[in-house]
Amino acid sequence: MSAILFVLGCALPAVVLYNTGSRQEDSMWGVSLLLVGWLGVFVMQWGWFANPLLLLTLALLLMGKYRGAFWVGVVTVLVGLSTLSWYLHSIPADEAVSPDRQLELLYPTLGYFFWMGSLLVGPASAFILAKKEAEAKAA
């Protein structure tokens, strides 16, 4: 389920931005954010790093380490939510880092919500599986 939601998030527009230089609105697709999002580290934008954490969450689930998967999954969701800090801090629209050309987040769109859904599947699954495992041991 997580993979399906992730692919849908990549295949759809994820955010609508306002470019202060061109004074135009533009959509940024999920796949574009996936490819260049790691550059966010240079502007204190950490949301992209939820992607490797998602892989770690899913790996822990596959290994049956549900408690670890749950907590890594919770951190993954929080890191993903940090994308919304873009509301407070615009990012440079180009490599010149001009204060006159910034990208401001207007609102997230469907791709963002599918991506966040893919992040939520991990801790939710870990919680359910840990509960089932505890019930099986108690029986």
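A residue is called buried when its relative accessible area is under 20%, exposed when that value is over 50%, and partly exposed in between, using a 1.4 Å probe and protein chains only. Phe 70, at 25% relative accessibility, therefore counts as partly exposed. The model is a predicted one, in which local features need pLDDT of at least 70 and side-chain atom pairs count only at pLDDT 80 or more, while totals for chains, interfaces and linings use all residues. Residues are numbered from 1 along each chain as its sequence is written, and side-chain values use heavy atoms, leaving out hydrogens and water.

Six aromatic pairs are found when the whole structure is searched. In one of them, Phe 70 and Trp 71 sit edge-to-face, with 4.9 Å from centre to centre and 80° between the planes. In another, Phe 70 and Phe 127 form a tilted pair, at 6.4 Å centre to centre and 45° between the planes. That pair links distant parts of the chain, since Phe 70 lies in helix H4 and Phe 127 in helix H5, 57 residues apart. Elsewhere, ring pairs join Trp 46, Trp 48 and Phe 49 into a cluster.

The names of helices and strands come from DSSP runs numbered from the N terminus, with helices (H or I) of at least four residues and strands (E) of at least two. Two strands pair if DSSP finds at least two bridges between them. Here four strands make an open sheet in the order S2-S1-S4-S3, with antiparallel pairing. S2 and strand S3 (91-92) stand at the edges with a single partner strand each, so one side of each has no neighbour in the sheet. S1 and strand S2 (residues 24-29) run antiparallel and are joined by six bridges, and Val 15 has Met 28 as its bridge partner in S2. Four residues lie between the strands of this hairpin, where Arg 23 takes a positive phi near 55°.

Helix H5 (residues 110-138) has 29 residues and reaches 42 Å from its first C-alpha to its last, close to the 42 Å expected at 1.5 Å a residue, the expected span being 1.5 Å times one less than the number of residues. Its buried residues include Tyr 112, Trp 115 and Ala 126. Taking contact to mean heavy atoms within 4.5 Å, the cover over the buried residues of H5 includes helix H1 (2-11), strand S1 (13-19) and strand S4 (102-108).

Two residues bring these parts together. Tyr 107 lies in strand S4 and, at 41% relative accessibility, counts as partly exposed. Apart from neighbours within four places in sequence, Tyr 107 is in contact with Val 15, Val 16 and Tyr 87. Thr 83, by comparison, lies in the loop between H4 and S3, and it counts as buried because its relative accessibility is 11%. Not counting residues up to four places away in sequence, Thr 83 touches Gln 45, Gly 47, Leu 105, Tyr 112 and Trp 115.

Technical notes
Phe/Tyr/Trp six-rings, centres within 6.5 Å; stacked < 30°, edge-to-face > 60°.
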